[in-house]
Amino acid sequence: MAVERITSKLEDILAKLDSAMSALGVHEMAEELIELDKLIANADFWSDSNKAQTVTKRAAKLRSSAEKWLDLESRAKDLQQLVPIASAGDLQQLESDVDELHKEYDELKELLKFNGQYDDYDVILSLYAGAGGTDAQDWTQMLLRMYTRWAEQVGAKVELLDGSRGEEAGLKSVSMSVSGSSYLYGHLRSEHGVHRLVRLSPFNSDNLRQTSFAKVDVLPMIDQPGEVDIDESELKIDTYRSSGNGGQSVNTTDSAVRITHTPTGIVVAIQDEKSQLQNKETAMKVLRSRLAQLQQEQHAEKISDLKGPNQANEWGSQIRNYVLHPYKLVKDVRTGQESSDPDRVLDGDIGDFMAAYLEQTLGES
């Protein structure tokens with residue numbers, strides 16, 4: 001009886017794994033990874049460092065996405081081979097191992113929710129101070145810390161791309177890349193929108209309650225030019241002198257780059273890299289990412305069909321409120337998800353808000 005029960009459980013988990021892995025393309029990922037590992041093993045692999053970094057980055061992402069599924073499948077098949085030859089005393093342990101596989105599958109199947117076109121892409125995350133003066137600029141820096149802490153918790157790497165400091169404190173704006181973990185855009189797209197903070201202002205001598213706003217812009221990182229077809233004749237590229245901090249040799253060349261996509265009016269300016277070429281490459285990456293997001297939002301088949309982004313409601317309505325005074329509460333306006341521990345949320349514990357948004361968007365699709 002125990003043998004039949006264990007066999008049934010194993011057949012069930014293997015069927016579920018087969019369906020999930022087919023939906024996610026896990027075996028295709030594994031095949032691509034084998035080919036990439038062959039490239040990496042070549043003696044002259046690092047002769048083109050840019051290409052090598054792209055390949056190793058892709059390999060790391062594939063490994064992260066596929067290995068857990070393949071390991072789970074392999075262990076299930078191994079247990080299936082052991083059941084017919086197991087002694088009566090071993091069956092109890094075998095059933096416990098099978099139950100553990102089911103638990104692991106239940107955790108992994110959450111990844112099936114990430115079925116959007118760009119859900120497994122890295123992210124360009126930009127923050128912009130809105131209404132609220134110095135408080136809003138300080139709020140923008142607080143959000144930067146929150147997302148940096150979240151990235152650390154999921155094993156992602158954060159790299160600053162560009163930024164502008166406030167006159168007294170905080171940040172007017174900041175852009176960063178978030179990479180190195182699975183389904184980053186799938187998670188972070190829940191954060192796109194206006195975030196509202198209510199607190200006693202540390203910058204007001206009367207210590208009055210202040211409401212501040214900051215906009216969070218979340219873009220899938222489009223690394224490859226071929227993924228978004230941009231007509232070079234529709235770009236206006238300007239160079240200017242960087243305003244960054246540095247020593248005597250800094251700011252002696254016009255290394256900063258501003259790219260305007262004339263059909264949509266999208267402007268991207270980057271100045272934090274060391275050379276004009278690097279700044280241009282980064283700016284083009286951000287531009288491709290913005291156009292890809294706009295294409296999704298407007299359901300346009302071609303870039304030429306895009307209209308400019310609507311800026312009229314930029315600060316019009318918040319997606320989430322963070323109240324630190326007169327009570328403590330973080331509440332998402334869209335999902336109703338809330339937390340009475342803002343300090344924990346601002347320290348990067350935003351997973352519940354992401355999960356609630358994902359459940360809601362799945363229900364609407």
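**Figure 1. Left-handed crossing of α3 and α4.** In this predicted model, helix α3 crosses helix α4 in a left-handed sense. The angle between the two helices is about 160 degrees, and their axes lie 11 Å apart. Since angles over 145 degrees count as roughly antiparallel, α3 and α4 are therefore roughly antiparallel to each other. On the α3 side, the contact is formed by Lys68, Trp69, Leu72, Arg75, Ala76, Leu79 and Leu82, which meet Leu94, Asp97, Val98, Leu101, Glu104, Tyr105 and Leu108 of α4. Sorted by class, the residues of this contact comprise 10 nonpolar and 4 charged, with no polar residue. Helix α4 spans residues 88–108, and α3 spans residues 49–82.

**Figure 2. Packing of α1 against α4.** Helix α1, residues 2–24, packs on α4 at an angle of about 25 degrees, with the axes 10 Å apart. An angle under 35 degrees counts as roughly parallel, and α1 and α4 are therefore roughly parallel to each other. The crossing of α1 and α4 is left-handed. From α1, the contact draws on Ala2, Val3, Arg5, Ile6, Lys9, Leu10, Asp12, Ile13, Lys16, Leu17 and Ala20; from α4, on Leu91, Leu94, Glu95, Val98, Asp99, Leu101, His102 and Tyr105. By class, this contact of α1 with α4 contains 12 nonpolar, 1 polar and 6 charged residues.

**Figure 3. Oblique packing of α2 and α3.** Helix α2 (residues 26–41) and α3 pack at an angle of about 135 degrees, and their axes are 9 Å apart. The two helices, α2 and α3, are therefore oblique to each other. Their crossing is left-handed. Residues Val26, His27, Met29, Ala30, Glu32, Leu33, Leu36, Asp37 and Ile40 of α2 meet Val55, Thr56, Arg58, Ala59, Leu62, Arg63, Ser65, Ala66, Trp69, Leu70 and Glu73 of α3. Within the contact of α2 with α3, 12 residues are nonpolar, 3 polar and 5 charged. Trp69 of α3, a member of this contact, also takes part in the contact of α3 with α4.

Figure 4. The largest nonpolar core has 50 residues, of which Leu125, Leu143, Tyr147, Leu287 and Tyr322 touch the most other members. Beyond residues up to four places away in sequence, Tyr322 touches Trp139, Leu143, Met146, His195, Arg196, Leu197, Val198, Leu329, Val330, Val345 and Leu346.

**Figure 5. Leu208 in the loop between β4 and β5.** Leu208 lies in the loop that joins β4 (193–200) and β5 (209–220). With a relative accessible area of 46%, Leu208 is partly exposed. Apart from neighbours within four places in sequence, Leu208 is in contact with Arg199, Leu200 and Ser201.

**Figure 6. Overview of the protein chain for orientation.** The secondary structure of the protein chain amounts to 9 helices and 11 strands. Of its 365 residues, 42% are buried. Among contacts in the protein chain with a separation of 6 or more, 65% involve residues 24 or more positions apart.

Definitions and conventions: Residues numbered from 1 in each chain as written. Predicted model: local features only at pLDDT ≥ 70, side-chain atom pairs only at ≥ 80, totals over all residues. Heavy atoms only, no water. Core = buried A, V, L, I, M, F, W, Y, C linked by side-chain atoms within 4.5 Å. Buried < 20%, exposed > 50% of the residue type's maximum accessible area, 1.4 Å probe, protein only. Contact = heavy atoms within 4.5 Å. Axes fitted to C-alpha atoms, helices over the stretch in contact; angles between N-to-C directions. Helix = DSSP H or I, 4+ residues; strand = E, 2+ residues; numbered from the N terminus. Parallel < 35°, antiparallel > 145°, perpendicular 65-115°, else oblique. Left-handed = near helix turned anticlockwise from the far one by under 90°. Nonpolar A, V, L, I, M, F, W, Y, C, P; charged D, E, K, R; others polar.
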